[in-house]
Amino acid sequence: MILKSRRILLGVTGSIAAYKSCELVRTLQKKGAQVRVCMTPSAKEFVGDITFRALTEDEVLSSWKDGKTGLEHIHWARWADCFVIAPASANTIAKIASGIADNFLNSVALAYGKQIVIAPAMNTKMYLSYQTQENIKKLEKWGNIIVKPEEGELACGEEGEGKLAHPEDIATAVMYALFPKYLKGRKILVTAGATREFFDPIRYISNASSGQMGYSLAKIAYALGGDVTLITAPTCLRKPYGVKTVDVVSAEDMYDAVMENLPDADVVIMNAAVADFRPESYSEEKLKKDKESNIIKLVQNPDILREIGKRKKENQVVIGFAAESTDIIQNATDKLKRKNLDFIVVNKLDVFSRDTHKGWIIDRKGDITEIPEMDKESSAFFILEKIFKR
Ligand code: CTP
């Protein structure tokens, strides 16, 4: 699990979004983290500390009177690998920006001494006020990570910016705070998903790839400091936080988008399951089963990765993927050579639409690294660390 043995201290403040912190605790725990919670006194007006005690199976502090030594703000700050405040109210943001330590949570913030992940949530006018914006700018300038709120309908009935960011996005910011920056300063181009090759307005040829591995690669590449662009065929997945995404549908669309982004890329990770064939013709009208001959003639799609291999510049790193059913290592090695790749990640067909991944990384020299079975985010980390850790 990607956050295994990481100690995360979650600070909950007085915002109606405090109930969403329960979901954030679970999201972080599912990634393997050990989570502890501290709260401001007003946060307890929104969610009882017993909820967090039950979720974390640990004590929850909102003041020193529940502790033993009076030094818990120092001990908890030292304990945490990452301190994340979600939701962060305008009041807490203002206090932290001014160094005020008048409750347990903001005393931990002052004693923490490392970058804090701060996810604001409040009414739009409060969020956009000069005061809050200045405070946020100040906190960012000091190296803290601000997870911007989303736009939408707020608890107060108004529409606008102020909704607490999604738990997955906050978890990604936590990973960004924790992970080494192996990809700092590099532009990373990732492709993901199964392309769709339409032959009438509602029918298409595609394949069983869920896109999960490509999305995990994009997310982890961001958390490792990369400047990531994800070119994605349609999927049911949430767009990864911190990543620029470009939506495409067919192999030809993906080809165009990749070629447009290729010259700037330092690293290309071609994970998409591109349809090798497309229907020769497209009907504007829905095909009728009683009228047509029902034979769909196929023509070959461009091989995007082969073209990348041809255009590859000297210091570009190109990583291909392959799913093989027989002669796995041999077929993948042939593909690496044929497409002029630096690395190929190969797996058996059984990882399709599964939550876990396992396989092998092969490099140009023929060295092989086995990837043990693990969830796809952890596998993405394993692959990127193996290739880019220096
Ligand atoms: N790929 C691509 N364009 C295609 C097909 C595949 O860029 N039209 C990329 C995939 O994203 C993947 C790699 O090529 O990174 C391997 O895909 P695969 O279909 O297994 O390769 P092929 O050369 O088509 O091999 P096969 O003979 O097994 O079909």
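I count a polar contact as a pair of N or O atoms within 3.5 Å; within protein, one must be able to donate a hydrogen and the other to accept it. I work from a predicted model.

**Entry 1: Asn144**

I applied that cut-off to Asn144 first. Its side chain reaches the backbone oxygen of Leu139 at 2.8 Å. The side chain of Asn144 also reaches the backbone nitrogen of Ile116, at 2.9 Å. I then looked up where Asn144 sits: in the loop between α7 (130–141) and β6 (145–146). Is Asn144 buried or exposed? I find 11% relative accessibility, so Asn144 counts as buried, since the limit for buried is under 20%. I listed its contacts, leaving aside neighbours within four places in sequence. Asn144 is in contact with Lys114, Gln115, Ile116, Ile118 and Leu139.

**Entry 2: Asp81**

I moved to another loop residue. Asp81 lies between α3 (72–79) and β4 (82–88). For Arg7 I looked at polar atoms. Its backbone nitrogen lies 2.7 Å from a polar atom of the Asp81 side chain.

**Entry 3: helix α3**

The buried residues of α3 are Glu72, His73, Trp76, Ala77 and Trp79. Viewed down the axis of α3, they fall within an arc of 160°, so they line one face of the helix. I noted the general rule: an α-helix has 3.6 residues a turn, so residues three or four places apart point the same way. What do the buried residues of α3 pack against? I find β1 (7–12), β2 (34–39), β3 (60–61) and α5 (104–112).

**Entry 4: the whole chain**

I count 13 helices and 20 strands. The C-alpha trace spans about 75 × 50 × 35 Å along its principal axes. Of the 390 residues, 53% are buried. I took contacts between residues at least 6 apart in sequence, and 67% of them join residues at least 24 apart. The chain exposes about 18,700 Å², with carbon and sulfur atoms supplying 48% of it. There are 55 positive and 52 negative charges, and their mean positions are 4 Å apart.

Conventions:
Residues are numbered from 1 along each chain as its sequence is written. This is a predicted model: local features need pLDDT of at least 70, side-chain atom pairs count only at pLDDT 80 or more; totals for chains, interfaces and linings use all residues. Side-chain values use heavy atoms; hydrogens and water are left out. Helices (H or I, at least four residues) and strands (E, at least two) are DSSP runs, numbered from the N terminus. Buried means under 20% relative accessible area, exposed over 50%, partly exposed in between (1.4 Å probe, protein chains only). Contact means heavy atoms within 4.5 Å. Accessible areas come from the Shrake-Rupley method with a 1.4 Å probe; for residues, only the protein chains shown count as cover. Lys and Arg count as positive and Asp and Glu as negative; His and the chain ends are not counted. The place of a charge is taken as NZ of Lys, CZ of Arg, CG of Asp or CD of Glu. The arc is that of the directions from the helix axis to the C-beta atoms.
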